[in-house]
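The model is predicted.

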Amino acid sequence: MINVLFADDHEMVRIGVSSYLSAQPDIDVIAEADDGTNAVELALKLKPDIILMDLVMKKMDGIEATRRIIDQWPEAKIIIVTSFLDDEKVYPALEAGATSYMLKTSKASEIAKAIRDTYEGQSILEPEVTGKLMNKMRGGKRPALHDQLTDREKEVLRLMTEGKSNQEIADDLYIALKTVKVHVSNILSKLEVHDRTQAVIYAFNQNLFK
């Protein structure tokens with residue numbers, strides 16, 4: 001079972017989404033939080049597999065809650081689920097350590113899939129979010145970290161920036177899924193980042209794939 005903590009200050013949203021998720025055979029919503037402070041406390045106490053985090057909440061917003069959780073528990077996997085697509089929301093949330101970013105306009109089944117994919121180590125970004133990152137990150141300085149990547153690793157990274165899953169990358173490049181996972185691990189190590197989201201941000205920041 002994938003244990004989930006759901007933080008959102010709208011009770012009806014929590015009830016609706018939690019009911020759908022708990023009906024899944026592999027997902028269990030083990031706790032709910034109605035504000036950011038409570039979300040931090042429950043996350044650090046329960047150590048759920050996945051945290052669903054709203055951005056605008058009482059007492060403490062989702063960005064600050066994400067930052068505090070990651071500061072004390074770097075391995076936490078946090079999925080932002082919000083109505084906001086503003087530049088001042090998207091990038092700070094990912095920079096704070098969120099693994100994935102979903103919009104509340106997503107179907108419940110899409111959120112369930114994002115939970116499963118994030119649990120497996122992938123980072124899920126809505127297409128609109130990817131566009132925001134691209135616009136935000138263009139034009140930075142080019143450090144030499146990406147020069148260490150092999151041609152194959154650059155191909156894998158390019159497909160990652162397109163939002164492809166490991167299986168989709170394997171299919172596109174006609175290589176084994178296990179090989180893709182090795183490439184992804186090497187990419188993260190060489191770029192000195194912790195997850196796929198940060199690797200994608202790096203690629204956009206360095207304007208690697210015009």
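Q: Which residue in S5 does Ile 79 stand opposite?
A: Ile 79 faces Ser 100 in S5.

Q: What makes S4 and S5 a pair of strands?
A: Two strands pair if there are at least two bridges between them.

Q: What is the order of the strands in the open sheet?
A: The sheet has 5 strands in the order S2-S1-S3-S4-S5, with parallel pairing. On average, neighbouring strands are turned by 25° against each other, direction ignored.

Q: Why are S2 and S5 said to stand at the edges?
A: Each has a single partner strand, so one side of S2 and one side of S5 lack a neighbour in the sheet.

Q: Which helices touch or lie across the strands?
A: Helix H1 (residues 11-22) packs on the sheet and touches S1, S2 and S3, and its direction makes about 160° with that of S2. Helix H5 (residues 108-119) lies across S1, S2, S3, S4 and S5, at about 140° to S3.

Q: What makes the set that includes Ile 51 and Tyr 101 a nonpolar core?
A: A nonpolar core consists of buried residues of types such as Ile, Met and Tyr, joined through side-chain atoms within 4.5 Å. The largest such core has 30 residues, and those with the most contacts inside it are Ile 51, Met 53, Ile 69, Ile 78, Ile 80 and Tyr 101. Among the elements that each supply at least two residues are strand S3 (50-53), helix H3 (62-72) and strand S4 (78-82). A second, separate core of 19 residues includes Leu 149, Leu 173, Ile 187 and Leu 188.

Q: With which residues is Ile 78 in contact, leaving aside neighbours within four places in sequence?
A: Ile 78 is in contact with Ile 51, Met 53, Thr 66, Ile 69, Ile 70, Ala 98, Thr 99 and Ser 100. Contact here requires heavy atoms within 4.5 Å.

Q: What lines the second largest pocket?
A: Its lining has 18 residues, of which Lys 77, Thr 99, His 194, Asp 195 and Arg 196 lie nearest the centre. Helix H9 (177-191) and helix H10 (196-205) each supply at least two residues of that lining. The volume of this pocket is about 370 Å³.

Q: Which residues of helix H7 are called buried?
A: In H7 (residues 151-161) they are Glu 153, Val 156, Leu 157, Leu 159, Met 160 and Thr 161. The term applies to each because buried means under 20% relative accessible area.

Key: Residues numbered from 1 in each chain as written. Predicted model: local features only at pLDDT ≥ 70, side-chain atom pairs only at ≥ 80, totals over all residues. Heavy atoms only, no water. Buried < 20%, exposed > 50% of the residue type's maximum accessible area, 1.4 Å probe, protein only. Helix = DSSP H or I, 4+ residues; strand = E, 2+ residues; numbered from the N terminus. Axes fitted to C-alpha atoms, helices over the stretch in contact; angles between N-to-C directions. 1 Å grid on protein atoms, 1.4 Å probe; cavity = no way out; pocket = protein on both sides within 12 Å on 5 of 7 lines; lining within 4 Å. Points joined across faces, edges and corners; volume = space filled by probe spheres on them.
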